[in-house]
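Subject: Structure handover

Hello,

Here is the structure I promised to pass on. Please open it first, then read the notes below.

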Amino acid sequence: MAEMGSKGVTAGKIASNVQKKLTRAQEKVLQKLGKADETKDEQFEQCVQNFNKQLTEGTRLQKDLRTYLASVKAMHEASKKLNECLQEVYEPDWPGRDEANKIAENNDLLWMDYHQKLVDQALLTMDTYLGQFPDIKSRIAKRGRKLVDYDSARHHYESLQTAKKKDEAKIAKAEEELIKAQKVFEEMNVDLQEELPSLWNSRVGFYVNTFQSIAGLEENFHKEMSKLNQNLNDVLVSLEKQHGSNTFTVKAQPSDSPPAKGNKSPSPPPDGSPAATPEIRVNHEPEPASAATPGAALPKSPSQSSLPAVVVETFSATVNGTVEGGSGAGRLDLPPGFMFKVQAQHDYTATDTDELQLKAGDVVLVIPFQNPEEQDEGWLMGVKESDWNQHKELEKCRGVFPENFTERVQ
């Protein structure tokens, strides 16, 4: 018989897997209807609730920390632009020019150092902490499936024992399957019973270390920034004292070409600066309000605003991303029922023949389950994009995978 699938899954294995799913589905229905008892472990269920709460808190903390870092980056860029503006307007013959330039340079270095330390001492630690959750969540889900297998094997064995006509051969086989199912379940159960309480208790120390690091870094940053700001203030005070009561000359800017002939008024330069004017004398005194002349500059449009470049770029990227990020519905090169794409953030080793083997970076095309009742919580059905592009056959390539190992990309 020809092999099926990219990894040579035989028809026999597929049939066995289908039978396993059918048996689980039947067992769950019987349990919901109260026609079959369900093995319960209240202590373990409490551990799972704690685990989910811990994962939710950690995910939120990671998201907010990334937002904080993005804000630090944006403030760095805005501060850099502001200092560049100061350097441009600070004329060469003004006292303190070198000091102002040095302060701007140190300001830039301080922002860079602060951002990098936040990444090293908070974000990377956060990523490592959350990195242990996907595997444990996958094992919790698998434990649930193996518990259903165990209950199903137990009920089958009990029904054969209580039957009027006993078939010893069937009873012996059912007992063998029950022992095997119980062993698989208990091995997974014991490991999780030890790991979940330990992971839950570790959260306190992690939160303490994370927020202590952030608080300490922010405190030191503001101390150093305060010194730079005081130095800049001193430079500007010195400039004001030397030029505050003086008159100064505004000189005409040299022209690159001779003036045009005729009566036509000269056009402003390409950079938008005022046209060259004759040399005039200006007193450093405020002009009365009545001296205001008509024709005051109109407010700038949004496209002409002086917002920092990083804000404009971020806004543009967000808008473009929203416009371009369609679901891909209706494309002929996607599998039937395609819903959205996800990308694997971690490697995942398949433990059943119906599961997808994932490597970090793999793109998966998510499709609906043929029977929605077969979908376990936290699991998705899909086909790896590379397999789909090669085979174009769902039966050969599709499989289930843990949602928490992936991140939606489209």
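**Findings**

In the strand pairing, F340 has V366 of β4 as its bridge partner. V342 has V364 of β4 as its bridge partner. Two strands count as paired if DSSP finds at least two bridges between them.

Before going further, some ground rules. This is a predicted model, in which local features need pLDDT of at least 70, side-chain atom pairs count only at pLDDT 80 or more, and totals for chains, interfaces and linings use all residues. Residues are numbered from 1 along each chain as its sequence is written, and side-chain values use heavy atoms, with hydrogens and water left out.

**Overview**

The protein chain has 8 helices and 7 strands. Helices (H or I, at least four residues) and strands (E, at least two) are DSSP runs, numbered from the N terminus. Of the 410 residues, 29% count as buried. Buried means under 20% relative accessible area, exposed means over 50%, and partly exposed lies in between (1.4 Å probe, protein chains only).

The protein chain exposes about 27500 Å². Carbon and sulfur atoms supply 54% of that area. Accessible areas come from the Shrake-Rupley method with a 1.4 Å probe, and for residues only the protein chains shown count as cover.

Now the contacts (heavy atoms within 4.5 Å). Take those in the protein chain with a separation of 6 or more: residues 24 or more positions apart account for 73% of them.

**The strands**

K384 is in β5, which spans residues 379-384. Is K384 buried or exposed? It is buried, because its relative accessible area is 15%. Not counting residues up to four places away in sequence, K384 touches L356, Q357, L358, D362, V363 and V364.

**The cores**

A nonpolar core is a set of buried Ala, Val, Leu, Ile, Met, Phe, Trp, Tyr and Cys residues joined through side-chain atoms within 4.5 Å. The largest one has 38 residues. F51 and L196 have the most contacts inside it. Which helices supply it with at least two residues each? Among them are α2 (42-89), α3 (97-130), α4 (133-161) and α5 (168-243).

L196 is in contact with F44, C47, V48, F51, I136 and I140, leaving aside its neighbours within four places in sequence. A second, separate core has 23 residues, including F338, F340, Y348 and F405.

**The helices**

α2 has 48 residues. From its first C-alpha to its last, α2 reaches 71 Å, close to the 70 Å expected at 1.5 Å a residue. That expected span is 1.5 Å times one less than the number of residues. At the start of α2, a side-chain oxygen of D41 reaches to within 3.3 Å of the backbone nitrogen of Q43.

S79 touches N107 and W111, not counting residues up to four places away in sequence. N83 is also found in α2, and its relative accessible area is 12%, so it counts as buried. Leaving aside neighbours within four places in sequence, N83 is in contact with A104 and N107. N83 and E105 are 22 residues apart along the chain, and their C-alpha atoms are separated by 8.7 Å.

I179 lies in α5. This residue is exposed, because its relative accessible area is 51%. I179 and R154 are 25 residues apart in sequence and 9.0 Å apart in space, C-alpha to C-alpha.

**One backbone detail**

Most residues other than glycine have a negative phi. K392 has a positive value, near 60 degrees. It sits in the loop between α7 (385-391) and α8 (394-397). K392 counts as partly exposed, because its relative accessibility is 41%.

Best wishes

Methods: A polar contact is a pair of N or O atoms within 3.5 Å; within protein, one must be able to donate a hydrogen and the other to accept it, and residues adjacent in sequence count only if both atoms are side-chain atoms.
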